[in-house]
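Please consult the sequence and the structure below while reading.

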Amino acid sequence: MASSSEPLPGTSDLWDAEIGDWLALEAAARRVFSAYGYGELRTPVFERTEVFVRSLGDETEVVQKEMYTFADRGGRSLTLRPEGTAGVIRAVANSGLGQGDEKRVFYMGPMFRGERPAAGRRRQFHQVGVEAVGPRDPVLDAECIAMFVQFLDEIGVSGARVQLNTRGLGEDRARVAAALREFFAPRVGEMCEDCQRRLDTNVLRMLDCKAEGCRGIVAAAPDMIDLVGDESREFFGRVCRCLDQLGVDYELAPRLVRGLDYYIHTVFEVTHSGLGAQDALAGGGRYSIVPPGATKPVDGVGFAAGMERLLMARQSLGVAVPPRAEADVYVVSLGEASVAPGLVLARDLRQAGLGLRVRAETAGRSMKAQMRTANRLGARLVLIQGESELAAGEVVCKNMASSEQVTVARAAVVAWLRENA
Ligand code: HAM
């Protein structure tokens, strides 16, 4: 049995050594998305359950099986956010979005889904995403996809595949569903249990069923583009043409429908072969959502990428940031009288703005014990001050890799580090 000090399955403790990679990813997201005029939005990690049920759709897998829902003290049903879009739309509607306005936001943070944990599938995961809320304009869809491709490029993730499809408008839904039902009904007996249920509840989802026995049947199903109406076909055509003009490589994926009900028109997924079975780096598309308390839908387009998966893709390509050492410099103090001067030296180094992580001896232990600590922390340099160095106003600077050491005047240590650290 797992020990009670282990994190729950599908969650993990994230230690400092890995954080460098996360920070690089977050910095790139901020840089790229703000260059396109997106501003950061941080919505709460939990919301009223209806915020998600109404937006994602009560027939979706996420709502049916995966949400962490609980009652607060007042008996209100609350849910840990399984994704970011619903909360963003609630927040944008709450802040007031005028007719014809466009609001561009990006977000990053933890999301929660009670899925069966596997490589790349977690119960607490992190998404970085964007939403362009307001106009129903195919150019925005294309620009949004192009921006994600640029982001991948900037974080060194090459080899990703963009797959694109349309779900058409809400008005097309009844006709599309009828055509698909007509196609699947005679074959449903050979399909998986989920598909047998979906025939009545969510026939669109039968198109992207991954079950072995369903694939062959699904492959012969009609393409979405042939089922949707003229307006939807025209919209999709404009998205594709704009992507072509922006030089974005994509593949048409006639069976891609995505798992959330709020989508209309464009849907896309970005996959990467470095990820294994859970190969979706990101998913997104255009949507129409009626915010809580409103009667009119709000339109938008956006995507979210799994941050753990982005990092996995980077690792598979060997571009991950190497783990950071706990300290770059360790100040060794020999003799009790040199401990306080050692702390002063460490403080001077930190204040010099060299960007170094400095640790200093506090206990006045033996040289051997302090060197062992410096090694364990991964320090590249050790600065030694014993009583004789203190008296002479000097510091011995030792390079841990080469074991070379030089004696430097105390007043010149910062300058020496600037050159040698
Ligand atoms: P989604 O496809 O459900 O879309 O999730 C987007 C990405 O989040 C996935 O491609 C994957 O990288 C990551 N992800 C999802 N579930 C897990 C999990 N259990 N463990 C690890 N990573 C996961 C959405 O969430 C939509 N809100 C995207 C969107 C934004 N559409 C329009 N705007």
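This is a predicted model: local features need pLDDT of at least 70, side-chain atom pairs count only at pLDDT 80 or more; totals for chains, interfaces and linings use all residues.

The side chains of D16 and R357 are joined by a salt bridge, with 2.9 Å from N to O. D16 belongs to helix α1 (residues 16–35), whereas R357 sits in the loop between α12 (339–351) and β13 (358–360), so this pair ties together parts that are 341 residues apart in sequence. Both positions count as partly exposed: D16 has a relative accessibility of 31%, and R357 has one of 24%.

Helix α1 also contributes D21, which forms a salt bridge with R314; the closest N and O atoms are 2.9 Å apart. Because R314 lies in helix α11 (residues 307–316) and D21 in helix α1, the contact links parts that are 293 residues apart in sequence. Are these two residues buried or exposed? R314 and D21 are both buried, a term that here requires a relative accessible area under 20%.

A further pair consists of R31 and E154, whose side chains meet in a salt bridge at 3.2 Å, N to O. R31 is again part of helix α1 and E154 is part of helix α5 (residues 138–154), so parts that are 123 residues apart in sequence are tied together. R31 is partly exposed, at 47% relative accessible area, and E154 is likewise partly exposed, at 38%.

Salt bridges can also share partners: in this way D16, R324 and R357 are joined into one network. Counted with a cut-off of 4 Å between side-chain nitrogen and carboxyl oxygen, the model contains 25 salt bridges. In general, side chains of opposite charge can pair when their charged atoms come close.

Note on methods:
Residues are numbered from 1 along each chain as its sequence is written. Side-chain values use heavy atoms; hydrogens and water are left out. Helices (H or I, at least four residues) and strands (E, at least two) are DSSP runs, numbered from the N terminus. Buried means under 20% relative accessible area, exposed over 50%, partly exposed in between (1.4 Å probe, protein chains only).
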